[in-house]
Amino acid sequence: MGGLPLALRLAGMYIAETAAAPWPDPAATFSGYRAALEDGNLPDALIGRTWELSLDLLDRRGLIQARPLLRLLSQFAEAPIPYRQLLRPEALAAFEQFAGLDARRLWELLRALAHVGLIDLTEPATLRLHPLVRRVGRHQGSLADQAAALLHSTAEEEGYQSSEDPRHWSFWEAFAPHSLHMVEAIADLPVLTAQTVEHAAFAAQMTGLYLRARRLYAQATVCHQTIVDNCQAVLGDRHIGIMAPRHSLAALLHTRGRLDEAELLYREVLADRRAALGDEHRHTLATRHQLAFLLFDRSRLDEAEAEWQTVFTVNEEACGPDHMLTLNSRYMLARVWHARG
C-alpha cells in the first residue's frame, strides 16, 4: 500500500468484511487483495476513501484548494513532477478553482499535502505521487485540460532553442515523461476538446525536438508518431500543430535511413503546408529544404537543385542576402554543384 497507513487500514477492513461474507470474493486474502489492486478490480471510490479523510482535514483547515491540486497532479505521468516549472502560480491562478492563488499559498498547499503523506517533496524541486493516489485522483474528476494547458505554457515559455540547448536538458528530461503521457492518454480522456489536443501535441512536439537533439532518434520517432496517431484525427492534416510533428517525423525517418517513407511524408507535408500556409511561409520553405536534402542524399541532383533554388530565391527576397536561411540554401546549392564536379 505504498506506506500509506490509512490505505493499509482500509485493506484490512475490506479483507475482513469480504472474508465474513457467505460468498467471499478472491480479494478476501492479502494476496488476493494485492492482486485485485494491481489489476484495478477494486472500486476506486473505496480505495480513495483512505485519503479523502486527509483532504477533509485540510478543508477544515482552510486549505480547500489542496483537493483539486492533488487531482491536477494526478493527471501527470508516474514520474517525478518538476513542480517549480509546471506549477507556476500565475498559470494556476487562471483556472477557476485556483483563483487568487499566489506563490506563498501554492507552497503551503504542497507542504500540507506532503505532511499528510499524499505527495513526497523531493529535490531538486520535484514531487512524487504514490501510483495509487495518482490513479484514483485521475478518475475522481478529470483535469486533463488544465494539465495539458500547463504543459503547453511551460514548453512555450522554455522555447524552441531551449530544447536543443544542453544547459536546459535537465529540465526537458524531467518534462518529457509528462508530455508523452498526456499525448498518449488523448484517446482515453472522458472529455476531449480541440484545445486540449493542441496543447498536448505542442508539448510533445517540443519533447520530440529535445530527444532528437540528444540523438535519441528511436525515442523521438515514437514521440512524433504518437502525436500524429493520437491527434491528427481531431485536428486535421493541415493544422499547424499536426504539420510540425509530421515534418519532424519525416526528418527522423530521413536521419534513420528510411528514405522512401521520409520522401513520401515530406511531399505530403509540403503539399499541406503550401495549401494551408502558402508557398513563401517559412514552414513551407523548411519542408522544401529538407526534401531537397533527401533528394541530394539520393543523388537526384537536378531535383535537389530545383528545390534549393526556389528556397534560396524566396529567402533572399524575404530575408535579405545575409540572412542565415538565405546563406544555408546558397551553401546547399554549392554542394550540388560540387557534387557535379
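Student: What radius of gyration does the protein have, and what would a compact globule of 341 residues have?

Tutor: The protein has 25 Å, whereas a compact globule of 341 residues would have a radius of gyration near 20 Å. The radius is taken over C-alpha atoms, and the globule rule is 2.2 Å times the number of residues to the power 0.38. Along its principal axes, the C-alpha trace spans about 85 × 45 × 30 Å. Keep in mind that this is a predicted model: local features need pLDDT of at least 70, side-chain atom pairs count only at pLDDT 80 or more, and totals for chains, interfaces and linings use all residues. Residues are numbered from 1 along each chain as its sequence is written, and side-chain values use heavy atoms, with hydrogens and water left out.

Student: How many helices and strands are there?

Tutor: Helices (H or I, at least four residues) and strands (E, at least two) are DSSP runs, numbered from the N terminus. This protein has 18 helices and 2 strands.

Student: What share of the residues is buried?

Tutor: Buried means under 20% relative accessible area, exposed over 50%, and partly exposed in between, using a 1.4 Å probe and protein chains only. Here 49% of the 341 residues are buried.

Student: What do the contacts say about distance along the sequence?

Tutor: Contact means heavy atoms within 4.5 Å. Take contacts between residues at least 6 apart in sequence: 63% of them join residues at least 24 apart.

Student: How many salt bridges does the structure hold?

Tutor: A salt bridge is a side-chain nitrogen of Lys or Arg within 4 Å of a carboxyl oxygen of Asp or Glu. The structure holds 21 of them. One of them joins R238 and D272, with the closest N and O atoms 3.0 Å apart.

Student: Why does that pair tie parts of the chain together?

Tutor: R238 lies in the loop between α13 (217-235) and α14 (240-255), and D272 lies in helix α15 (residues 259-277), so the pair ties together parts that are 34 residues apart in sequence. D272 is buried, at 10% relative accessible area.

Student: Where do E263 and R267 lie?

Tutor: Both lie in helix α15, 4 residues apart, about one turn of the helix. E263 and R267 form a salt bridge, with the closest N and O atoms 3.2 Å apart. E263 is buried at 10% relative accessibility, while R267 is partly exposed at 35%.

Student: Which other residue forms a salt bridge with R267?

Tutor: E303 does, with the closest N and O atoms 3.7 Å apart. This pair links distant parts of the chain: E303 is in helix α17 (residues 301-319) and R267 in helix α15, 36 residues apart. E303 is partly exposed, with a relative accessible area of 35%. A network of salt bridges links D260, E263, R267, R298, R300 and E303.

Student: How many disulfides are there?

Tutor: A disulfide is a pair of cysteine sulfur atoms within 2.5 Å. The structure has 0. Take C231: its sulfur is 10 Å from the closest cysteine sulfur, in C223, so it is too far for a bond. C231 is buried at 0% relative accessibility.

Student: How many aromatic pairs does a search find?

Tutor: Rings of Phe, Tyr and Trp (its six-membered ring) pair if their centres lie within 6.5 Å; planes under 30 degrees apart count as stacked, over 60 as edge-to-face and the rest as tilted. The whole structure gives 8 pairs. Among them, F171 and W172 are edge-to-face, 5.1 Å centre to centre, with 70° between the planes. Both F171 and W172 are buried. F171, W172 and F175 form one aromatic cluster.
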